[in-house]
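Let's take a short walk through a model in your viewer. Have your selection tool ready, and switch to cartoon view to begin.

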Amino acid sequence: MLEIETKPEEIPSSWEELDLSELSGTLMVVGSSDVGKSTFSRYLFKRLCTIYPRVAYLDGDPGQSTLGPPTTMTLAMAENGDNSFPPRGRRWQAFVGSVSPLGNMLAVLICAARLMEAAQKAGAQVVIYDTTGLVEAARGGIHLKLAKIDLLRPKVLFALQRNQELQTLLLPLRRKSRMLVLEFSPSSSAQRRDTSVRKAHRAAQFAQYFTNSSQLQVNWPQFAVLPAPRFNLHRLVALEDADGFTIGLGIVAKIDRIYRQVVLHTPVDTLNGVDVIRVGDLLVDPVTYEDSPLTRKY
Ligand SMILES: Nc1ncnc2c1ncn2[C@@H]1O[C@H](COP(=O)(O)OP(=O)(O)OP(=O)(O)O)[C@@H](O)[C@H]1O
Ligand SMILES: [Mg+2]
């Protein structure tokens, strides 16, 4: 299991003063990059586990992911009263196929909906949804957040903002019924991470995920390959079950276009249960685990 940074957190008094006893349903955490969304989400999770026996955590960030490898979103359930993080209960994963929601917003929404449905079926009383930092209107961030809100109907929107950067999003939402908007300033301990730190974090996550990988041969005409069987060396793919959840990721290590076979570098050791091979939009080096986007879409 991927380890989570465990340095002590600074808990602002505004967090401690929150009355969580009445909160249930979907709780969505929004804010731009590095405002402390994931730190706050973990804090919420830990406290809510002391109130509810079935708490779910949705890591909705396919870039700086905390629970799963980058390009995926992960839902994890807490086991009765155990508030350790990462949660120790059941998990479901869904593949976005990229490390950014940009250009992949439909995939993000589908993954969120699918994982939220899993949480409901598992009887989660409360789900904490830690979202990506894409909030800028010009890049489609506001539309993405509004689409998530319309689709998932959170009971509470926790908004963390530094300098009014969420104003356009929050102004109409504050007037909406059936959703409480709770606003916070970021903790003074929240630190900005530049592109190279983010890239290194992803490489470390991938390296950990692909530990103990071996080669798995796939005759691709036996599977639904989506969106199409366009394989490139080092392209990242997901092996999915019939419900659309990710069984595991693989990196294309060899391609034989005549026999229509690929060899995947993957920790998955069998194709049993695989229904769909979902081709991502990312290349991952199987030695350094650094990722790079495909320069042209296929
Ligand atoms: N309350 C806090 N106490 C201590 N450190 C914090 C706190 N809040 C944030 N940080 C630190 O600031 C950095 C960014 O925090 P975090 O990852 O929670 O932000 P984020 O909004 O989820 O970022 P991203 O947009 O990349 O997902 C991390 O290194 C984290 O440890
Ligand atoms: Mg985060």
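The tour goes from a sheet to its helices, then to a loop and a few cysteines. Keep in mind that this is a predicted model.

**Stop 1: the sheet.** Colour the strands and look for an open sheet of seven, ordered S4-S3-S2-S5-S1-S6-S7, with mixed pairing. Its edges are strand S4 (91–95) and strand S7 (180–184), each of which pairs on one side only. On average, neighbouring strands here are turned by 15 degrees against each other, direction ignored.

**Stop 2: S1 and S6.** Now select residues 25–31 and 156–160: these strands, S1 and S6, run parallel and pair over five bridges.

Stop 3: Next show helix H2 (residues 37–49), lying across S1, S2, S5, S6 and S7 and running at about 170 degrees to S5.

**Stop 4: Ser213.** Zoom to the loop between helix H6 (195–209) and strand S8 (214–219), where Ser213 sits. A polar atom of the Ser213 side chain lies 2.7 Å from the backbone oxygen of Phe210.

**Stop 5: cysteines.** Show Cys49, buried with a relative accessible area of 4%, and Cys111, also buried, at 5%. How many disulfides does the model have? The count is zero.

Notes:
Residues are numbered from 1 along each chain as its sequence is written. Chains are lettered from A and ligands numbered from 1 in the order in which they are written. This is a predicted model: local features need pLDDT of at least 70, side-chain atom pairs count only at pLDDT 80 or more; totals for chains, interfaces and linings use all residues. Side-chain values use heavy atoms; hydrogens and water are left out. Helices (H or I, at least four residues) and strands (E, at least two) are DSSP runs, numbered from the N terminus. A polar contact is a pair of N or O atoms within 3.5 Å; within protein, one must be able to donate a hydrogen and the other to accept it, and residues adjacent in sequence count only if both atoms are side-chain atoms. A disulfide is a pair of cysteine sulfur atoms within 2.5 Å. Buried means under 20% relative accessible area, exposed over 50%, partly exposed in between (1.4 Å probe, protein chains only). Two strands pair if DSSP finds at least two bridges between them. Axes are lines fitted to C-alpha atoms, for helices over the stretch in contact, and angles run from 0 to 180 degrees between N-to-C directions. Contact means heavy atoms within 4.5 Å.
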